[in-house]
Amino acid sequence: MSDVVLLFSGQGAQKVGMGKDFYEASETAKALFKRADEVLGFPLSQVMFEGPDEELTRTSRCQPALYLHGLVALALLKERVGALNPVAAAGLSLGEFTAHSAAGTFSFEDGLKVVSRRGLFMEEACQATQGSMAALIGGEEDAVKALAVECDVDVANFNAPGQIVLSGTVDGIDKAVEKARDHGIRRAIKLNVAGAYHSRLMQSAQDKLAAELTGVSMQSPAIPVVCNYGASVVSEPAEIRSMLEKQVTGSVRWTESIRLLVEKGHRTFIELGPGKVLAGLVAKIEKDATVYSIEDLASLEAVTEQLE
């Protein structure tokens, strides 16, 4: 069995019905879903399985939903592939928390609680500000940074070469979309989001999350975890807290994070979460990488066969 890097999905990957086939097919999955509902004090599993979509899309719902889905998928994969050897982990934005839980930095329950609070704090920040985001396709990194400065917005995500996301005030993002071509950027697409994630408009959420993280019991992860904010491996609890906190208003440096893993010799990745978003990004960053995506029972079984 080759060594694998675990990758966990970020907000936006959620979809109604996620995890339902895991729940119906596995006692392990059923126990994790029931435990999550108990810990949170509301039926998250029902929101995941039945929706409605508006409810699942809420930041306070989709973040714990994706965390739970990723860890259930990993638990079922480990049951099926005894020789599975995860050698590192990373996650896109919210997925960084899932990666830490998978690596043993904090418990399933503690991670779930903090992710649920993070989602709530970000939802509150969205409601208190007028924010928006836009995806910029086919632009040079320096050109996008210059555009962000000109329009007084922030760079939220360096997702892949030629795919960068800006975040900020509605006026600032509208201006950036309008001026993108002047900077040699091929396309600018305004995103359908509740607010300006990974921008200074999330400062209130970052402050509340920082306070929340002080109460979470943490240890050094059992495998290297790459953080979004530093695009570096973090191992000390104090540094992990700092990186998870700064990520709320800071840029997600996904391109650099994947390149770091590739530089360390890793070429085989397993994406855990709905939608195959990360597989698409990794393919743009490193063409020699292999990414197996697990989003439901059918893909779990297919990947199990391929790995064995």
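This is a predicted model: local features need pLDDT of at least 70, side-chain atom pairs count only at pLDDT 80 or more; totals for chains, interfaces and linings use all residues.
Residues are numbered from 1 along each chain as its sequence is written, and side-chain values use heavy atoms, with hydrogens and water left out.

Let's start with the charged pairs. Side chains of opposite charge can pair when their charged atoms come close. I call it a salt bridge when a side-chain nitrogen of Lys or Arg is within 4 Å of a carboxyl oxygen of Asp or Glu. How many salt bridges does this rule give? The count is 16.

Take Glu109 and Arg35, whose side chains meet in a salt bridge at 3.0 Å, N to O. Glu109 is in helix H7 (residues 108-128) and Arg35 in helix H2 (residues 27-40), so this pair links distant parts of the chain, 74 residues apart. When I say helix or strand, I mean DSSP runs numbered from the N terminus: H or I with at least four residues for helices, E with at least two for strands. For the cut-offs, buried is under 20% relative accessible area, exposed is over 50%, and partly exposed is in between, with a 1.4 Å probe and protein chains only.

Next, please look at Asp174 and Lys190, which form a salt bridge at 2.7 Å, N to O. Asp174 lies in helix H9 (residues 170-179) and Lys190 in strand E6 (residues 187-190), so the pair ties together parts that are 16 residues apart in sequence. Asp174 is partly exposed at 32%, and Lys190 is partly exposed too, with 41%.

Glu256 and Arg253 make another salt bridge, with their closest N and O atoms 2.7 Å apart. Glu256 has a relative accessible area of 36% and Arg253 has 24%, which puts each of them in the partly exposed class. There is also a network of salt bridges that links Glu55, Arg58, Arg61 and Glu123.

Now zoom out to the domains. The chain is divided into domain 1 (3-127 + 200-307) and domain 2 (130-191), with bounds that come from an automatic or database domain assignment. Their C-alpha centres lie 26 Å apart. Domain 1 brings 13 residues to the contact and domain 2 brings 15, where contact means heavy atoms within 4.5 Å.

How much area do the two domains bury between them? About 1100 Å², with 45% of it on carbon and sulfur atoms. That buried area is the accessible area (1.4 Å probe) that two parts lose on being put together, summed over both.

Between domain 1 and domain 2 the count is two salt bridges. On the side of domain 1 that touches domain 2, helix H12 (254-263) and helix H13 (277-285) each supply at least two residues. That side of domain 1 divides into six nonpolar, three polar and four charged residues. Here Ala, Val, Leu, Ile, Met, Phe, Trp, Tyr, Cys and Pro count as nonpolar, Asp, Glu, Lys and Arg as charged, and the others, Gly among them, as polar.

Let me finish with some buried spots. His266 sits in the loop between H12 and strand E9 (268-272), and at 17% relative accessibility His266 counts as buried. Not counting residues up to four places away in sequence, His266 touches Val5, Val87, Ala88 and Leu261.

Helix H6 (residues 95-102) is mostly covered, with eight of its eight residues buried; Phe97 and His100 are among them. Just after H6, Gly104 takes a positive phi of about 85 degrees.

Leaving aside neighbours within four places in sequence, the contacts of Phe22 include Ala29, Phe33, His69, Val72, Ile294 and Leu300. Phe33 is eleven residues from Phe22 along the chain, and the C-alpha atoms of the two are separated by 9.7 Å.
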